[in-house]
Amino acid sequence: DLVAAEECFKLLKQSIVATNKKDLDSYIDTLVKDAQEATAKQLQIVFDSYDLKHELLSFQVLNQKKDSLFVVVYQKTINQGRQHYQNHIAQIHYTFLKEKNQWKIQQSFITNTELLDESTRAF
């Protein structure tokens, strides 16, 4: 179902934009209800500690059912601040679920990380 894949792609891009803007409410809105509270606490710590820029490099559907979608993406993260954070490209698997007739991110997990050259770290 190409429509579902496009909606999930758009949702993931929305979550990345929210993360780049440090817009916790908009980011949390992309998640299933059960994941919102715990994720908000963890993400606020990251937002307070780091200035990171995330970029979606690829999006591939691996498995699709009526109310779920499993994808693999590659995402680049670059440190924009003074606090130490290793720049990298991560392979991330996402599970999307339909919740109240809207696609939401249920979970994500990093399956591989390629560290980028130390010289690309900020300051």
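The tour goes from the sheet to the core, then to one helix residue and an aromatic pair.

**Before you start**

This is a predicted model: local features need pLDDT of at least 70, side-chain atom pairs count only at pLDDT 80 or more, and totals for chains, interfaces and linings use all residues. Residues are numbered from 1 along each chain as its sequence is written, and side-chain values use heavy atoms, with hydrogens and water left out. Helices (H or I, at least four residues) and strands (E, at least two) are DSSP runs, numbered from the N terminus.

**Stop 1**

Two strands pair if DSSP finds at least two bridges between them.

- Strand 1 and strand 2: 12 bridges, antiparallel. A hairpin joins the two through two residues. Select Lys 65; its bridge partner in strand 2 is Ser 68.
- Strand 2 and strand 3: 10 bridges, antiparallel. Select Tyr 74; its bridge partner in strand 3 is Gln 91.
- Strand 3 and strand 4: 12 bridges, antiparallel. Stay on Gln 91; it stands opposite Asn 112 in strand 4.

Contact means heavy atoms within 4.5 Å.

**Stop 1: the core**

A nonpolar core is a set of buried Ala, Val, Leu, Ile, Met, Phe, Trp, Tyr and Cys residues joined through side-chain atoms within 4.5 Å. Buried means under 20% relative accessible area, exposed over 50%, partly exposed in between (1.4 Å probe, protein chains only).

Select Leu 12, Tyr 94, Phe 96, Trp 103 and Ile 105. Of the 24 residues in the largest nonpolar core, these touch the most other members. Helix 1 (2–20), helix 2 (24–28), helix 3, strand 2, strand 3 and strand 4 (102–115) each give two or more residues to this core. Helix 1 gives the most, with six.

Zoom in on Phe 96. Leaving out residues up to four places away in sequence, Phe 96 touches, among others, Cys 8, Leu 11, Leu 12, Phe 59, Trp 103 and Ile 105.

**Stop 2: Leu 43**

Go to helix 3 (residues 33–49) and select Leu 43. Is Leu 43 buried or exposed? Leu 43 is buried, with a relative accessible area of 14%. Beyond its neighbours within four places in sequence, Leu 43 contacts Leu 24 and Tyr 27. Draw a distance from Leu 43 to Leu 24: the C-alpha atoms are 7.6 Å apart, across 19 residues of chain.

**Stop 3: an aromatic pair**

Rings of Phe, Tyr and Trp (its six-membered ring) pair if their centres lie within 6.5 Å; planes under 30 degrees apart count as stacked, over 60 as edge-to-face and the rest as tilted. The count here is four aromatic pairs. Select one of them, Tyr 50 and Tyr 85: edge-to-face, 5.0 Å centre to centre, 65° between the planes.

Tyr 50 lies in the loop between helix 3 and strand 1 (52–65), and Tyr 85 in the loop between strand 2 (68–79) and strand 3 (88–99), so the pair ties together parts 35 residues apart in sequence. Tyr 50 is partly exposed at 25% relative accessibility. Tyr 85 is partly exposed at 24%.
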